[in-house]
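Welcome! Please take a moment with the sequence and the 3D view below, and then read on for a short tour of helix pairs and charged contacts.

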Amino acid sequence: MDAFSYLSVLLSIILGLAITQVLQGYRALILARGRVKLAPTALIWSAVILVSAVQAWWASFGLRDHLEWSFATFAVILLQMILLYMQSAIVLPDPSTTAEAIDLDAHHEAHRRAFFGFLLGTIAASLLKDVMLDGSLPEPRNLVGQLIAAGLAVVGMVIADRRVQLAIALLAAAGLAIYIGLLFAEL
């Protein structure tokens, strides 16, 4: 078995858990719908995280040609996936933990800084991964996309206004679609 096949199993498990977190969040919201106040920001972010997990899995196939592996390099890639999982773990509330009404905007606000912190960490790990694998930052379009995402994350951490938060989520969704279309449409 080649190293990529072996190492990719753990990455796939973590990404699968991230996808499961979001899907279970949707299920929980549906089951508790009588006491859930829906809000677009958290729902958009949940979709962005879901697509990001799938994109990360898709992009990880590009590692198949990498032959020299070190624990440090694998640890950075693993960290990137763990941080993505952490975003998925807090993007939606767990209605089973309370019998009270659930407000998705209030949930987003309560976890906003942690969410964007995990996003910044994911981006930093992604950039460090490229440096460790290739000895350089990613190609310019990829780097620009990641820097724009990091800028949005910083604004999201700092500005609590709900309209700004919704605008950031919409920009992130559009940006992710463009990012995937330009860089990851084909293996």
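A crossing of two helices is called left-handed if the near helix is turned anticlockwise from the far one by less than a right angle, and right-handed if clockwise. Helices (H or I, at least four residues) and strands (E, at least two) are DSSP runs, numbered from the N terminus. This is a predicted model, in which local features need pLDDT of at least 70, side-chain atom pairs count only at pLDDT 80 or more, and totals for chains, interfaces and linings use all residues. Residues are numbered from 1 along each chain as its sequence is written, and side-chain values use heavy atoms, with hydrogens and water left out.

**Helices α5 and α6**

Two packed helices are described by the angle between their axes and the distance between the axes. Here an axis is a line fitted to C-alpha atoms, for helices over the stretch in contact, and angles run from 0 to 180 degrees between N-to-C directions. Helix α5 covers residues 140-158 and helix α6 residues 162-183; their axes come within 10 Å and cross at roughly 170 degrees. The crossing of α5 and α6 is left-handed.

Which residues of α5 and α6 make the contact? On the α5 side they are Arg141, Asn142, Gly145, Gln146, Leu152, Val155 and Gly156, and on the α6 side Val164, Gln165, Ile168, Leu171, Ala172, Tyr179, Leu182 and Leu183. Contact here means heavy atoms within 4.5 Å. Sorted by class, this contact of α5 with α6 has nine nonpolar, five polar and one charged residues. In that sorting, Ala, Val, Leu, Ile, Met, Phe, Trp, Tyr, Cys and Pro count as nonpolar, Asp, Glu, Lys and Arg as charged, and the others, Gly among them, as polar.

**Helices α2 and α3**

Now for another pair. The axes of α2 (residues 40-60) and α3 (residues 71-90) come within 10 Å and cross at roughly 160 degrees. That makes α2 roughly antiparallel to α3, and their crossing is left-handed. From α2, Ile49, Ser52, Ala53 and Ala56 meet Met81, Leu84, Gln87 and Ser88 of α3. By class, the contact of α2 with α3 has five nonpolar, three polar and no charged residues.

The loop between α2 and α3 holds Phe61. Phe61 is partly exposed at 34% relative accessibility (buried means under 20% relative accessible area, exposed over 50%, and partly exposed in between, with a 1.4 Å probe and protein chains only).

**Salt bridges**

Side chains of opposite charge can pair when their charged atoms come close. A salt bridge is a side-chain nitrogen of Lys or Arg within 4 Å of a carboxyl oxygen of Asp or Glu, and by this rule the count comes to five. The table shows some of them.

| Salt bridge | Closest N and O atoms |
|---|---|
| Asp103 and Lys37 | 3.9 Å |
| Glu139 and Arg141 | 3.5 Å |

Asp103 is partly exposed at 22%, and Lys37 is partly exposed at 49%. Glu139 is partly exposed at 35%, and so is Arg141 at 47%. Arg163 counts as exposed at 66%, while Asp161 is partly exposed at 31%.

Notes: Angles under 35 degrees count as roughly parallel, over 145 as roughly antiparallel, 65 to 115 as roughly perpendicular and the rest as oblique.
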